[in-house]
Amino acid sequence: MHNENLLLDVQNLRTCFQTDQGEVAAVDGVDFKINKGEVVAVVGESGCGKSVTAFSILKLVSRPGKVTGGKVLFEGKDLAQFSDQAMQKLRGNDISMIFQEPLTSLNPVYTVGYQISEVILLHQKLTQKEAREKAVDMLKKVNIPRADKVVDSFPHELSGGMRQRVMIAMALSCNPKLLIADEPTTALDVTIQAQILELMKGLRNDFNTAIMMITHDLGVVAEMADRVIVMYAGKVVEEGDVFTLFKDPKHPYTKGLMKSIPKIHELKVELESIRGTVPTPSNMPKGCRFHPRCPLAAEKCVEQPPKLLELKPEYFVSCWLHDGGEVNLDDELAKRAASFTGYGAEKIL
Ligand code: SF4
């Protein structure tokens with residue numbers, strides 16, 4: 001069925017890097033969709049492929065990386081067919097991106113006003129004077145006090161929170177349809193973080209901008225997202241609406257992530273976290289990629305990778321435990337799950 005609201009449609013995306021051990025996939029068959037005005041959070045530990053996915057969408061993966069498969073459709077148009085020039089126009093006009101550390105994206109030798117005006121002039125037919133006025137307007141929109149003075153400041157003269165606001169002002173100066181925000185508040189303190197999130201929510205409401213929010217912070221996800229995509233080792237392992245996913249996560253990895261959130265009202269000091277680390281793309285385990293860290297792993301998990309299945313409408317999980325119900329579990333898996341007390345195994349059985 002045709003979805004008029006569909007903005008971004010990522011189909012079976014695969015991005016590889018050339019290494020001494022040969023070609024390795026950092027993103028391996030990723031599918032997801034983002035609707036107009038929707039906030040979608042992409043979560044997972046570092047090294048799960050979240051940022052590479054974002055760079056792949058924007059065609060900004062640099063060598064030795066390369067998108068080797070799949071499709072990215074933006075408003076139904078295949079971005080693979082876009083020339084470099086057309087992509088440059090799209091980035092800034094229709095899709096903008098903000099990063100964790102604005103200092104790496106802002107040029108230290110130009111004032112912030114000059115940099116915002118440059119973006120505006122690149123994409124809109126305005127005079128220098130009009131572009132500068134628009135830059136001041138955008139700084140006001142992101143709640144920068146004394147915007148008419150700050151416009152002439154250099155990035156190093158501003159605090160981290162102010163620089164991130166400048167980045168957001170720059171990203172939104174052309175009213176993009178999609179904002180890709182890669183850990184936008186990670187480097188900021190909690191109060192500023194809350195203000196930036198509030199600001200982004202306001203902008204979504206005012207401009208109907210869709211946001212793809214890449215983060216490892218589940219607090220940010222709960223605050224912002226309509227839908228959540230959980231990535232592990234280059235693959236989507238769970239996807240669904242934020243309420244269901246937080247209330248009743250299905251994948252053992254998502255359960256582990258949830259358990260590692262500190263709860264302020266509990267006196268428990270030690271955080272339960274997921275044992276082990278994310279595998280590197282050159283050393284990917286066979287079968288389910290999470291099996292070396294999964295307390296419920298059984299023989300089948302070690303041998304065969306589970307598929308991403310639609311458990312109920314618009315809710316997807318990739319785990320043998322949910323492949324049509326417990327009837328598919330081998331005896332060993334059932335035994336292990338029954339004796340295991342962590343990760344909410346009682347809910348699974
Ligand atoms: Fe764990 Fe097996 Fe599910 Fe993978 S498929 S998450 S190893 S239970």
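## Cavities, pockets and local features

A search of the whole structure, a predicted model, finds two cavities of 30 Å³ or more.

Trainee: Which residues line the second largest cavity?

Mentor: About 30 Å³ of space lies in the second largest cavity. Its lining has five nonpolar, one polar and two charged residues. By name, the residues lining the second largest cavity are P306, K307, L309, V317, C319, W320, H322 and D323.

Trainee: Turning to the pockets, which element gives the most to the lining of the largest pocket?

Mentor: The largest pocket holds about 560 Å³ of space. It is lined by 21 residues, and the closest to its centre are R91, G92, M97, V119 and M170. Two or more lining residues come from each of α2 (84–93), β6 (95–98), α4 (112–123) and α7 (160–172). With six residues, the element that gives the most is α4.

Trainee: How many residues of that lining are charged?

Mentor: Sorting the lining of the largest pocket by class gives the count. There are 12 nonpolar and seven polar residues in it, and the number of charged residues is two.

Trainee: What about the second largest pocket: how many charged residues are in its lining?

Mentor: This pocket has about 360 Å³ of space. Of its 15 lining residues, K33, R227, E239, E314 and F316 are the closest to the centre. The elements giving two or more residues to this lining are β1 (6–19) and β2 (22–35). By class the lining has five nonpolar and three polar residues, and its charged residues number seven.

Trainee: Stepping back to the whole chain, what percentage of its residues count as buried?

Mentor: The chain has 14 helices and 12 strands. Among contacts between residues at least 6 apart in sequence, 65% join residues at least 24 apart. To count as buried, a residue must have under 20% relative accessible area. Of the 349 residues of the chain, the buried share is 48%.

Trainee: Let me try a single residue. Is L199 buried or exposed?

Mentor: L199 is found in helix α8 (residues 190–207). Beyond its neighbours within four places in sequence, L199 is in contact with K141, V142, N143, R165 and I168. The C-alpha atoms of L199 and N143 are separated by 8.3 Å, although the two residues are 56 apart along the chain. Because its relative accessibility is 9%, L199 counts as buried.

Trainee: And what is the relative accessible area of G160?

Mentor: G160 is found in helix α7. Its C-alpha atom and that of T185, 25 residues along the chain, are separated by 9.8 Å. G160 is partly exposed, with a relative accessible area of 27%.

Trainee: Now the backbone. Where is the place of P64?

Mentor: P64 is worth a look for its peptide bond. The bond from R63 to P64 is cis, with omega near 10°. The place of P64 is in the loop between α1 (50–57) and β4 (65–74).

Trainee: K59 has a positive phi although it is not a glycine; about what value is it?

Mentor: K59 also has its place in the loop between α1 and β4. It is partly exposed, with a relative accessible area of 34%. The positive phi of K59 is about 55°.

Trainee: Last one: does R146 count as buried or exposed?

Mentor: R146 lies in the loop between α5 (128–141) and α6 (147–150). Its phi is near 50°, a positive value in a residue other than glycine. The cut-off for exposed is over 50% relative accessible area. R146 has 60% relative accessibility, so it counts as exposed.

Technical notes:
Residues are numbered from 1 along each chain as its sequence is written. This is a predicted model: local features need pLDDT of at least 70, side-chain atom pairs count only at pLDDT 80 or more; totals for chains, interfaces and linings use all residues. Side-chain values use heavy atoms; hydrogens and water are left out. On a 1 Å grid over the protein atoms alone, a cavity is a set of points where a 1.4 Å probe fits but cannot get out, and a pocket is an open set with protein on both sides within 12 Å along at least five of seven lines; lining residues have an atom within 4 Å of a point. Grid points are joined across faces, edges and corners, and a volume is the space filled by probe spheres set on the points. Helices (H or I, at least four residues) and strands (E, at least two) are DSSP runs, numbered from the N terminus. Ala, Val, Leu, Ile, Met, Phe, Trp, Tyr, Cys and Pro count as nonpolar, Asp, Glu, Lys and Arg as charged, and the others, Gly among them, as polar. Buried means under 20% relative accessible area, exposed over 50%, partly exposed in between (1.4 Å probe, protein chains only). Contact means heavy atoms within 4.5 Å.
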